[in-house]
Amino acid sequence: MVAFALCMVQTSQGTLGVNDTLWSKGWLCRRGVIPPAPCATAVIHQAAPAGWAVPAGPGCAAGRARASAKGGAPEPGARPAAATMGCTALLGLRGPRLLRAAALPPRWSRRRSTGCEPPAGAAVRIGCASGFWGDTAAAVPQLLYGGKLDFLVFDYLSEVTMSLLAAAKAQSPVLGYTPDFVSAAMAPYIKDIHRKGVRVISNAGGVNPLACAAALQEVAKKADVDLKIAVVAGDDLMSEEENLKGAGITDTESGKQFPESIHSINAYLGARPISRALDLGADIVVTGRCVDSGIVLGPLIHSFGWNRDEFDLLAAGSLAGHLIECGAQCTGGIFTDWHAVPDWHSIGFPIVECSSEGDFILSKPPDTGGLISFGTVAEQLVYELGDPQRYLLPDVTCDFSKVSITEIPGFDGGAVKVHGAKGSPPSAFYKVNATYLDGFRATAVCPVGGPKAVQKGKRTAEGILQRTRLIFSQLGYEDYSAVNIQVLGSEDTYGPHARRSIDGGPREAVIWLAVHHKQKEAVEIFSREVAPAGTGMAPGLTGIVGGRPRVSPVLKPFFFYYPKSNVQVSLFLNGQHVETFEEDLTFTSDDVISFDPPEISTELKDLPSGPHTYRLEDLAYTRSGDKGNSANIGVIARHPLYYPYLKKTLTAQALENYFQHLLEQEKPEQELVTRYELPGIHGLNFVLKNSLGGGGIASLRSDPQGKALGQMLLDFQIKNVPDLKSLIE
């Protein structure tokens, strides 16, 4: 049990005391915003456990004042502790599903009324059932029936997905959202979601969130359930296209000028509009483009009433979102030690159980597959990360460099406690992703078997290109803008690090032949000319995977920053516009991004050497991801004693040399790899610029999102070191 803070609140309807029927963030919020109706949940008096102290006097949610460490008056903009017991102790006691504790603080009861705030010390449980468009439908029932959730969130969007949805909406005005969310994730379970009072947040709206909400309303109507479905709109900035063209905007990565022809423009909104939609009573919140972590931070702001200037708390909530936004990637999916992860077929999806003080425990439903450990969660921490000390989000600038991840022993399937995120003011600008049409592409994927399969595959691909170029010249078309030939199985992507097989190489290989051209008709010619290779070129060509190559538009990303003050965010409830959300810029910084080089550790001069050599996989975990045309590779030491040797050997220059065959240098002497340090998890993060051949659907490579780069690095040699394994035995 936990003690409520007692307070009196003066409102236009009189003085409200603790016995009145409200514990509403709307009534008690710092700005005095009164919600449409008082919360119907009465405040319940509970006795404090032994050793807990009830905050006295003005310690109400309206003030959100944290008691000074020295005693006396609270600090401005701070919040009082619910009790003298620290959050670490709280987490050690509680977690009814984690530590089997006997004495437990209450968990916030699930409800569907307007904007009621949980009591101090309560926990909020959020499960993530989707990490991308196309994720398994098996996640929803395991979380809904076994997760004991307050909120269920779905993350569907990436830069690639937004490009695809923009193309879909161009075909039909009722498209542009992820239909799987409606048909596979919600429709079969909507009655139980309603019955259990689980509230849902998803960015499934894509480029058409109102259409997504309308489809959900039809599902709810057929199921005969009454749900309030909110939409957060305003990320679509296409109406600003003409103004942007003359504003001198350049791409943050390439420096290129704003394109003449734009397909879509979407700002990455933050968590506050989601929180506000929940305050207004929404059961389901559908957004367009927002930062992925915002679908978790929004419910936490709504639940705990975190202020705009409580940056450490906002950073902690953002970290919780960052860790679970990709679903099973933090519960054993794509883990370096994949062989140690049981039962992939029933892999558990992640749940964060968060306290009002920002610490949280990450677990998964009981009796599910997968694994939660320091390694699985640390890998996800570095996924798609840039500078860990300046992780820029709309609500907060995060510092994840000192985050700690601690395994909780004795829990089936594993669980970890995460602590240490720090925050600072966010930028006054939104990050924006525009897409523009840049020609057309097609990819042919053809298995080939028999002796010298690699040589046959390369000659076949070259023959197809020669034939189509001959046809182009006859018809007056220009040459291809770009082509990419890979023979999968020959380790082409490894460049100089490929292992060359003897006796003519593998007897099975796969041709990967991708082309790009400004004209659709030229790519259609290519598409038609692949199949004839099966009768007129190399023997052993077994077919074309997926049939004739599909011709598709190339929608390239263009990233820039745009003032938040120029973006109008609208909230809809059941199809009706109910509010225009105004972003409070009081606690923001005019800085858009820092170009300061990262600090480099200098304490490695006297590090002992030795005669031993290790593969990186022996000493570290790795994970890689993408942002536009840049990739990142995170490296986490398996043991703290390995970390100094990783820092000494894995320099930015060492990785630039290792991946030189994949990096595209735009100007002489350009440094394409930057290294950052995360001492909290004994990790390093490398950002590889211009490493993905354009990235996303603009890339012709077989790994356009850098998913395999971390795996490729596992063979890196750590040389001239002592017997490191003996140090930890």
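## What counts as a pocket

On a 1 Å grid over the protein atoms alone, a pocket is an open set of points where a 1.4 Å probe fits, with protein on both sides within 12 Å along at least five of seven lines; its lining residues have an atom within 4 Å of a point. Keep in mind that this is a predicted model, where local features need pLDDT of at least 70. Residues are numbered from 1 along each chain as its sequence is written.

## The second largest pocket

Let's start here: the second largest pocket has a volume of about 960 Å³, a volume being the space filled by probe spheres set on the grid points. Its lining has 47 residues, and Asn-629, Glu-664, Leu-692, Gly-693 and Gly-694 lie nearest the centre.

Helices (at least four residues) and strands (at least two) are DSSP runs numbered from the N terminus. Strands E16 (429-449), E17 (482-488) and E19 (552-563), along with helix H19 (709-713), each give at least two residues to this lining. E17 supplies the largest share, with seven residues.

Leu-727 belongs to helix H20 (residues 724-727). Why does Leu-727 count as partly exposed? Because its relative accessibility is 45%, and partly exposed covers what lies between buried (under 20% relative accessible area) and exposed (over 50%), using a 1.4 Å probe and protein chains only.

## Ala-538 in a loop

Now look at the loop between helix H15 (533-536) and E19, where you will find Ala-538. With a relative accessible area of 15%, Ala-538 is buried.

Methods: Predicted model: local features only at pLDDT ≥ 70, side-chain atom pairs only at ≥ 80, totals over all residues. Heavy atoms only, no water.
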